[in-house]
Amino acid sequence: MRISSLLALFLACASPTLADGLPDLGDTAQLALTPQMERRVGESIMRDIRLHDPAFDDDPEATEYLNVVGNLLVSNSQDARQDFEFFLVKDPTLNAFALPGGYIGVHTGTIVTAQSESELAAVLAHEIAHVTQHHMARMVSKEGQLSTAMLAAMVLAIIARNSQAGSAVAAIGQAGVITAQIGFTREFEREADRIGFSTLEKSGFDVRAMPSFFLRLQKAGRLYENNAPAYLRTHPVTTERIADAQNRIQGLPYKQTSDSFDFQLVRAKLRAGQGTSRDALAQLEGDLRDKKFSNETAARYGLAAALLRAQEPVRAAAELAPLLKTTEHPMLAGLAARIKQANGDEQGALGVLKQALVRYPNNRALNYAYIEALQQRGQNRDAASLLDEQLKNHPRDARLYALQAKGYAFLGKRLLQHQAQAEAYVLQGSLPAAIEQLQLAQKSSDGDFYQLSSVEARLRDLRAQLAQEMKEKKEKK
Ligand SMILES: [Zn+2]
C-alpha cells in the first residue's frame with residue numbers, strides 16, 4: 001500500500017520528542033488515546049486511503065460480503081458496540097491490518113488464497129481483537145497531546161513495519177521520531193489469537209482453520225524468505241502461536257462447516273481480477289479443466305468474469321447462460337448485466353437489473369448498477385428518483401451522491417451537480433474539496449433563491465467545521 005502522501009503529512013508535523021521506545025501495557029482507562037481519538041486517527045488514515053490510494057478497492061459486491069462476515073464476527077466479539085468498517089486493498093499478497101477505531105483492511109489476495117471461509121474469518125477475528133483490545137492505542141506513547149496527524153503516522157509506521165514501504169519507514173526513523181522496531185508485541189499477538197479464537201468459535205466457523213492457516217503461512221515463510229506474505233511481517237507466526245492454536249482445538253468436538261456461496265463467488269470474482277487478464281483467464285480455465293474447485297458454479301462464474309475482463313464478452317455470455325438457468329444470486333445478475341453492456345445491449349442490461357431488484361430490492365451493488373445503467377440510457381429522471389429513494393435509506397453513502405452529481409451534470413443542472421458533489425466529498429472526509437464545490441455551485445447561474453440560500457447555509461456550516469479542525473490541529477501540535 002502506498003503511504004507516501006501520509007508520510008509527507010507526518011513529516012510536516014513531526015516533532016522530535018515523541019515516542020521514545022515502546023510504551024508500557026496498561027488498562028484502557030489510563031490510555032491517553034480515548035476511543036473517540038482512536039476513531040479520529042482511523043478516520044484520518046481512511047480518508048487518505050479512500051482519496052489517494054490507488055490500491056483502495058471499492059468493489060461494492062466484495063466489500064458488502066466482507067462487511068457481512070466481519071460484522072457477524074464483531075457481534076460475537078469482546079465489544080459488539082464498537083463500529084467497524086472492513087475494506088479491500090487490491091493486492092495479491094496475503095495481508096490484513098487493523099487501524100484504530102475499527103477500520104480493517106484486507107488484501108484481496110487474502111480472500112483469493114484462503115482455502116476456506118473459516119480461514120478468512122480467522123484472519124478477521126484476529127484483527128478485530130487487535131481493535132477491541134485497543135492494541136494500537138497501547139502501542140503509542142502515553143505522552144498525550146499528540147495531533148491526529150502524528151498519531152496517524154505512528155500507526156502507519158506500525159502497520160508498514162518492514163513491509164514494501166520499507167523506505168518510508170526508514171525515513172520516519174531518520175526523522176528521529178519513531179524507533180523502527182515498533183510492531184505488535186508477542187503479548188498482543190497472543191492476546192489477539194486467544195480472543196480471536198473465541199470470536200471465531202462463537203460465530204460458528206471451523207476453529208481448526210486457525211492452526212492450519214498458521215502452518216500454511218509458516219511453510220510459505222520458509223519457502224519464500226524475503227518474499228514471504230506481508231502478513232507474516234506484521235503478525236509473525238511463531239511456533240508458540242501454532243502450538244497455542246493447536247492446544248485450543250484439542251478436545252473440541254468436530255464440527256462440519258461449509259463455505260457460503262457468497263464467499264465462493266467473491267473469491268472467484270477477485271481471482272478473475274488479479275494479475276493480467278490473460279493470466280487470470282488461463283488460471284481459471286485450468287482450474288475448471290483439472291476440476292480444482294470446491295463449487296463448480298462459482299468456478300464457472302469466475303471464468304465468465306475473467307472472459308469479460310479479457311474483452312471476450314460473447315464467450316463470457318455463453319459461459320454464464322447455463323448458470324443463470326439453475327441459480328439465482330445478485331452477483332450472477334450483476335455480472336449478466338455487465339456482460340450485456342459489454343455486448344452493446346444496454347436495454348437488455350437494464351431489464352436484467354430491474355428484474356433482479358424485484359427479488360433483491362436492498363442490494364447495494366444492484367442499485368448502483370441500475371442507476372448507472374439508467375443514466376447511460378439517458379433515463380435521468382428515473383435515475384434521479386431512485387437516487388432520492390436510496391439516499392433516504394443510506395444518507396451517508398458517498399457513492400450515491402457522486403452518482404447524483406453525475407446525473408445532474410447530464411441534465412445540465414450545475415448548481416445541483418456541485419451541491420451533490422460537495423456532499424460526496426464531505427462523506428469522504430475532504431472538507432476543502434467540498435467547500436470548493438459549493439463555491440462553484442454559488443457561481444453557477446442556474447439556481448433559484450431557495451437553492452442559493454441552502455448552498456450558502458451549507459457553505460457557512462462547512463467553513464466553521466474546517467476552522468474547528470484547523471484549530472484542533474494547531475492546539476495539539
Ligand atoms: Zn496480529
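This is a predicted model: local features need pLDDT of at least 70, side-chain atom pairs count only at pLDDT 80 or more; totals for chains, interfaces and linings use all residues.
Glutamine 311 is exposed, because 9 other C-beta atoms lie within 10 Å. Residues are numbered from 1 along each chain as its sequence is written.

## Two loop residues with positive phi

Glutamine 311 sits in the loop between helix 15 and helix 16 (313-326). Helices (H or I, at least four residues) and strands (E, at least two) are DSSP runs, numbered from the N terminus. Glutamine 311 is not a glycine, yet its phi is positive, about 60°. Most residues other than glycine have a negative phi. Lysine 291 also has a positive phi, near 55°, and is likewise a residue other than glycine. Lysine 291 belongs to the loop between helix 14 (277-289) and helix 15 (296-309). Lysine 291 is exposed, because 8 other C-beta atoms lie within 10 Å.

## Overall make-up

The protein has 24 helices and four strands. Of its 477 residues, 43% are buried. Take the contacts between residues at least 6 apart in sequence: 65% of them join residues at least 24 apart. Two residues are in contact if their C-beta atoms, placed from the backbone, lie within 7 Å.

The four strands form an open sheet in the order 1-2-4-3, with mixed pairing. Strand 1 (56-57) and strand 3 are the edge strands, and each pairs on one side only. Two strands pair if DSSP finds at least two bridges between them. Helix 2 (residues 35-52) packs on the sheet and touches strand 1, strand 3 and strand 4. The direction of helix 2 makes about 130° with that of strand 3. Helix 3 packs on the sheet too, touching strand 2 (85-89) and strand 4. Its direction makes about 135° with that of strand 2.

Strand 3 and strand 4 (residues 103-107) pair in the antiparallel sense over four bridges. Leucine 99 stands opposite tyrosine 103 in strand 4. Alanine 98 stands opposite isoleucine 104 in strand 4. The hairpin of these two strands has three residues between them, and glycine 101 takes a positive phi near 85° there.

In a regular strand the side chains alternate between the two faces of the sheet. Strand 3 (residues 96-99) is covered on both faces. Ala96 and Ala98 are buried on one side, and Phe97 and Leu99 are buried on the other.

## Helix 19 and its two partners

Helix 19 (residues 364-376) comes within 10 Å of helix 17 (residues 330-342), axis to axis. It also comes within 8 Å of helix 20 (residues 380-393). Axes are lines fitted to C-alpha atoms, for helices over the stretch in contact, and angles run from 0 to 180 degrees between N-to-C directions.

| Helix pair | Axes within | Crossing angle |
|---|---|---|
| helix 17 and helix 19 | 10 Å | roughly 20° |
| helix 19 and helix 20 | 8 Å | roughly 155° |

The axes of helix 17 and helix 19 cross at roughly 20°. That makes helix 17 roughly parallel to helix 19. Angles under 35 degrees count as roughly parallel, over 145 as roughly antiparallel, 65 to 115 as roughly perpendicular and the rest as oblique. Helix 17 contributes Pro330, Ala333, Gly334 and Ala337 to the contact, and helix 19 contributes Ala365, Leu366, Ala369 and Ala373. By class, this contact has seven nonpolar, one polar and no charged residues. Ala, Val, Leu, Ile, Met, Phe, Trp, Tyr, Cys and Pro count as nonpolar, Asp, Glu, Lys and Arg as charged, and the others, Gly among them, as polar.

The axes of helix 19 and helix 20 cross at roughly 155°. That makes helix 19 roughly antiparallel to helix 20. Among the residues in this contact are Tyr370 and Leu374 of helix 19 and Asp382 and Leu386 of helix 20. The contact divides into six nonpolar, four polar and one charged.

## Two buried helix residues

Glutamate 61 is found in helix 3 (residues 60-75). Glutamate 61 is buried, because 22 other C-beta atoms lie within 10 Å. Leaving aside neighbours within four places in sequence, it is in contact with Val266, Lys269, Met331, Gly334 and Ala365. Alanine 384 is in helix 20. Alanine 384 is buried, because 21 other C-beta atoms lie within 10 Å.

Notes: A residue is buried if 20 or more other C-beta atoms lie within 10 Å of its own, exposed if 12 or fewer, and partly exposed in between; C-beta atoms are placed from the backbone.
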